[in-house]
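Student: I would like to go through this structure with you and learn what stands behind the words used to describe it.

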Amino acid sequence: MTTVPTAREGSVGTAHTRVEGREKVTGAARYAGEVRFADLAHGWFVLSTVARGRVRSVETAGVLAMPGVLTVLHHGNAPRVDTGYIGFLGVPPDPSCAVFQHDRVPHLGWPVALVVAGTSEQAREAAEALVVRYEEEPHDTVFTGERPDAYDVDGHVPAVTGKGDLEAGLTASAVVVDAEYSTPEEHHHPMEPHAATARRDGGRLEVVDSNQGAAWVAGDLARLFSLDPASVRVRSEHVGGGFGSKGIRAHQVAAVMASTVLGRPVRVVMTRRQMFSLAGHRSPTAQRIRLGADADGRLRALEHRSVSATSTVYEFVEPSASVARAMYDAAAHHTANRVVRLDVPTPTWMRAPGEAPGSFALESAFDELAEKCGVDPIELRARNEPERGPVSGLPFSDRGLLACFREGARRFGWADRDPRPGLRREGRWLLGTGTAAASFPVMARPSTAAVTAEADGTFTVRISAADIGTGARTALTLVAADALETGPDRVRVRIGDSDFGPAMIAGGSMGTRSWAWAITAAAAGLRERLAAGTGVPPQGITVRSDTSAAVDALPPKERHSYGAQFAEVAVDTGTGEVRVRRMLGVFAPGRIVNPLTARNQFVGGMVWGISMALHEEAVRDAASGGHYGADLAGYHVATHADVPDVEAHWIDDPDPDDPVGIKGIGEIGIVGAAAAVANAVWHATGVRHRDLPIRPDRVLLSGAPGV
Amino acid sequence: MKEFAYQRAFDVPGALALLDAGSDARFLGGGTNLVDLMKAGVERPARLVDVRGLPLNRVEPTADGGLRIGATVTNSDLAAHPEVRRRYPALAQAVLAGASGQLRNMATVGGNLLQRTRCGYFTDVTRPCNKRVPGSGCPAVEGEHRNHAILGASGHCVAVHPSDMAVALTAFDAVVSYETADGPGELPLTEFYVPVGDTPHRETSLPRGALITGVILPPAPVAARSRYRKVRERASYAFAIGSVAAALDVEGGVVREARLALGAVASRPWRARAAERALTGARADGEAFAAAADAELAAANPLPRNAYKVALTRNLMVAVLTGLAEEAAR
């Protein structure tokens, strides 16, 4: 039998296992803390044991005499750094990364010294022996929504938006929902802890790190240490998770300081416990939502207010109240994000910042409105589909929300649902189902890429992208293969190296979209060169791209990914146990590059949403101002047994007007997931849980009917 | 971290001699708790004597119809043993309710009995803790205590014992056997763990330098119909916030014998003798089960943020007893 050659099928859209998968599962892939260096020294952080005050003394003499100890860095002797700049992401750096610059202690777990020794064990033993004396001041770490000192802060979005007369709208409404919701402090805790090794190599500073953007970290290190940017190289080959926590942080800065002082490579790795105060976290939120609607559920008034906490050294806003700005319209529409400053570490971006906690509140409130109006929750969303951006007034590039709900309802079996709560029993369990909407902005940032046609007929792509476990390296290989009209086996994608030039970080669900754009542009240029040329010289032909102009030229529109989340839960009101039995998400995610790793992203986000709904909560001890149970035995995330059946699907979501077609998929999976679970708990028990996580004690004390 | 010496023992006299050979040594079983505590700086032994290789890794029937469980039997082997599953099903269930497969493959019976509380103040060396540093105070009383004791606590310590296995063993009158340089000894588990009082750092009555060699389960026909149920804040791999080991012998709708022990309520596995007394001779119905639970929990003294545990433990006792009674009626 003969086969007829056909036109080459594209790689994008077909399932590919990770190109580096074999190295990862065999242990050949080296992570930042494992890369070998000759003459390596190890730094160990000493963190403050008080939540506010000043360092009175760091008693180094005894420690310097301990075996292997090379130096102790602290505010009295550490190199100075400059934090007065606007960083890669357009904001000033969180000065928490600028360690040992002053004697002030702004929170418990603040780095007060770095002990450097020949081995990590020696450094740790000496760090634990180091005596630091403090002038302690009273601290304030208790977060509530009623803090009078909360104030408006513009974060990466404006603090406040508003139109129409809210009180009049509420007064004129047949149905009003007025409810308060809270989410606790949550932590990223990627499997791989933060780790960096710094060394001076000739005139260059080289850092091997675990981060979400090598060019980002390199740029910030250059600014902090007043170095020529070209003399700083940061590499980050394999990254075991980031979720927003792996930017410029104390460990890289401390490693650079120590390697500068000692003239030899120094590695600093955070312990799991240290990550609780050094790696960033998601602030707790206290949210209030007021919805006013006609009897049929059509909104007249919407108000979403959120308070989050930040540190005393940096303003970071968890913009939970911003979700409604793109999701639902009303004649009176008001949103506000406020913050309160506490003696705690600075929070940071954590998977779907704003959208994750904000959607819990907003989508729970919508479920309450559906209940009050006697309208099906999906129909309620359909009746409130906006024509244009509720705040921006801009047209939507596309809006796949209802298509997601339709497909999700079909797959989940929503049509048979009896909306009345507290009716379904199975042994000791009460059963219920819930749904919620999801959205996440689609954005892009300028990036550069280089594509080389090699003399042997293969191609090499160089881009300072980061694969933080998402499969980005593989996705970019597929994108490059299609752009070069070749097979993925002929394309090598090199990432995680700041020497490849500036590029977007792995963050904001913007990485793959931004990088693919740059690679496609460079590949197009290269194909033109190859078409015109006379063969490839031994050194290859390289074409570079820079998407700055193209990204800036993108016409303003409301661009979002959408999703519909469905959950079925079982609740034992006698013990307070809540079990998710199944979870189903349908997404409108733009063009899917690699279905295998894309599903992984969606399911991962949904699992985290289950975890957020039922388990995750960092507990702060008011007396000390620090965490209670700061380890993964104390901070619970969902286990396999908590996530028995999680399904993710997507609908065709082409946007022919978009130059890339790829939307972000890293964050949308968690959005709305916690609300779907909470709404299902209501449907099971008849009790609304407006505070996360929905712990057994909360279920037990909520007065739900016993079985 | 602190450097330490590591030695292996191959027989009981050798283990005792090694432990005795210098100061500040600890026996090491699976290391699933001790090594964690060493990493956290809570335990700082100068020497570890690894006893996992001792010939104490068997589960054997005793002449009177009970079982002798060697101290180095792993949790996995204990839970899988056919005689344990047949005669004391709640014990197998309790072991399987704890930790993860990997940890159960390492953890030993002797080590399980001696594991320390997971109270977050105990495991954080920067905070006071009367159990870790006697006299330093107990921040849990005023601070975080959602998973702390409701029974038998004192103002000096409100931590709970973390073991699931020990709860089932307590219900079945298990006896700990040990060896010292001066000879062997035995302690019923209910005397092995001592009340908190004002010495929370003293957790057991095991003589200093003693090596646990095993656990003896006396014959208990009632245990053939037994159950362990554990409630935790997620479906797996978390310590209990409430647990019950129960056995019930019902004839003609009347309770002939009941065994009941509670976990996550006290500094030690809590034998619910008041409930057992109330049950014996009572009708095997929900009303009697609730009355028995109330009899036990009358002594409960919850803290401001763990009162839910009283309701949880009560509901759990009733649910488990009801399940056993239904099983008996089938």
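Tutor: We will take a helix, a sheet and a hairpin in turn. The model is predicted, local features need pLDDT of at least 70, side-chain atom pairs count only at pLDDT 80 or more, and totals for chains, interfaces and linings use all residues. Residues are numbered from 1 along each chain as its sequence is written, and chains are lettered from A and ligands numbered from 1 in the order in which they are written.

Student: What makes helix 5 of chain A "mostly covered"?

Tutor: A residue is buried if 20 or more other C-beta atoms, placed from the backbone, lie within 10 Å of its own, exposed if 12 or fewer, and partly exposed in between. In helix 5 (residues 214-224) of chain A, 10 of its 11 residues are buried, among them Trp216(A), Asp220(A) and Arg223(A). Helices (H or I, at least four residues) and strands (E, at least two) are DSSP runs, numbered from the N terminus.

Student: Which elements do the buried residues of helix 5 of chain A pack against?

Tutor: They pack against strand 11 (204-209), strand 12 (232-235) and helix 6 (250-262) of chain A, where contact means that the C-beta atoms of two residues, placed from the backbone, lie within 7 Å.

Student: How do you know that strand 11 and strand 12 of chain A pair?

Tutor: Two strands pair if DSSP finds at least two bridges between them; strand 11 and strand 12 of chain A have 4 bridges, in the parallel sense, and so count as paired. Leu205(A) stands opposite Val232(A) in strand 12 of chain A.

Student: Why are strand 3 and strand 12 of chain A said to stand at the edges?

Tutor: The open sheet has 7 strands in the order 3-5-1-13-10-11-12 (chain A), with mixed pairing. Strand 3 (69-74) and strand 12 of chain A each have a single partner strand, so one side of each is left without a neighbour in the sheet.

Student: How many residues lie between strand 23 and strand 24 of chain A in their hairpin?

Tutor: There are 4 residues between them, and Gly576(A) in the turn has a positive phi of about 85 degrees.
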